[in-house]
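Please look over the chain shown below.

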Amino acid sequence: MNSIFRKSMLSVAGLVMSGGVVAGPAVAAHAAPAQAKPVASEAKDKSSKSGRSNAYEYEAQPNYFYCGPASTRIALSAEGKEISQDELAKKLGTTENGTDSAIDITRVLNEYSGGKYKTTEIRDDVATKAQIERLRVDVKAAVDQGRPVVANVLGSALDIDGVAHSYPGHYLTVVEYKDDGNTVLIADPASPNEPTYWMNVTDLANWIASRGYSS
């Protein structure tokens with residue numbers, strides 16, 4: 001079966017995993033939505049002159065299974081579209097088991113954006129150099145065109161400050177890049193206390209590995 005169609009735990013953040021619980025900011029997935037805010041207050045302060053970003057509104061997911069709708073909403077807000085997470089959840093087919101795949105995210109993003117998005121799968125368990133380069137190029141192209149990227153991730157990854165972010169399946173939004181796309185800014189709907197963080201694109205590619213992204 002195509003790996004981005006796998007339904008088990010595709011977007012469920014903050015659940016107990018076999019052998020332990022999800023570490024780090026995943027516990028925030030149960031928090032109430034944070035107040036929507038523009039990128040200027042957070043991301044531009046951390047950005048470099050060589051980076052590119054989009055104005056967007058951050059909004060946290062209201063429960064453990066709405067990361068798909070929340071990430072999709074963040075992406076669409078860059079186009080000035082303010083669509084509720086509940087409406088997006090209906091379009092995505094989101095249930096308590098999460099949102100099935102990046103293909104669903106792309107389908108709904110295209111419904112509201114006029115067909116600008118495509119789905120890319122990283123089939124391997126560890127991203128190849130070619131897949132990392134493809135992600136870097138895709139993020140740059142999408143952000144330059146005012147189109148944040150929505151990624152489906154699995155497991156753990158370190159941001160550039162060495163902070164671990166761990167999920168047994170999650171969606172998040174890439175809203176900015178710097179260093180020619182080698183460093184990307186993530187808006188994480190499950191982390192309202194730290195809504196954005198920078199990550200090396202190689203680490204993001206390996207976080208996406210076996211799943212996909214919409215760009």
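## Overall build

Take the contacts in the chain between residues at least 6 apart in sequence: 66% of them join residues at least 24 apart. The model is predicted. The chain holds six helices and 11 strands.

Of its 215 residues, 55% count as buried. The chain exposes about 8800 Å². Carbon and sulfur atoms supply 50% of that area.

## Helix 5 against helix 6

Helix 5 covers residues 129-144, and helix 6 covers residues 201-208. Their axes come within 9 Å. They cross at roughly 110°. Angles of 65 to 115 degrees count as roughly perpendicular, so helix 5 is roughly perpendicular to helix 6.

Which residues make the contact? Helix 5 contributes I132, L135 and R136. Helix 6 contributes V201, T202, L204, A205 and I208. By type, the residues of this contact divide into six nonpolar, one polar and one charged.

Side chains of opposite charge can pair when their charged atoms come close. The count for this model comes to 12 salt bridges.

Is R136 buried or exposed? Its relative accessibility is 13%, so R136 counts as buried. D180 is partly exposed, at 42% relative accessible area. Salt bridges that share partners join E133, R136, K140 and D180 into one network.

D138 forms a salt bridge with K118. The closest N and O atoms are 3.6 Å apart. D138 counts as buried because its relative accessibility is 7%, and the cut-off for buried is under 20%. K118 is partly exposed, with a relative accessible area of 34%.

## Helix 2 and strand 5

The side chains of R73 and E57 also meet in a salt bridge. Here the N to O distance is 3.9 Å. Which parts of the chain does the pair link? R73 is in helix 2 (residues 67-77), and E57 is in strand 5 (residues 57-58). The two residues are 16 residues apart, and the pair links distant parts of the chain.

How accessible is each partner? R73 has 7% relative accessibility, so R73 counts as buried. E57 has a relative accessible area of 23%, so E57 is partly exposed.

## F65 in the loop

F65 is placed in the loop between strand 5 and helix 2. Is F65 buried or exposed? At 14% relative accessibility, F65 counts as buried. Where is T94 relative to F65? Along the chain, the two are 29 residues apart. Their C-alpha atoms are separated by 7.7 Å.

Terms used
Residues are numbered from 1 along each chain as its sequence is written. This is a predicted model: local features need pLDDT of at least 70, side-chain atom pairs count only at pLDDT 80 or more; totals for chains, interfaces and linings use all residues. Side-chain values use heavy atoms; hydrogens and water are left out. Axes are lines fitted to C-alpha atoms, for helices over the stretch in contact, and angles run from 0 to 180 degrees between N-to-C directions. Helices (H or I, at least four residues) and strands (E, at least two) are DSSP runs, numbered from the N terminus. Angles under 35 degrees count as roughly parallel, over 145 as roughly antiparallel, 65 to 115 as roughly perpendicular and the rest as oblique. Contact means heavy atoms within 4.5 Å. Ala, Val, Leu, Ile, Met, Phe, Trp, Tyr, Cys and Pro count as nonpolar, Asp, Glu, Lys and Arg as charged, and the others, Gly among them, as polar. Buried means under 20% relative accessible area, exposed over 50%, partly exposed in between (1.4 Å probe, protein chains only). Accessible areas come from the Shrake-Rupley method with a 1.4 Å probe; for residues, only the protein chains shown count as cover. A salt bridge is a side-chain nitrogen of Lys or Arg within 4 Å of a carboxyl oxygen of Asp or Glu.
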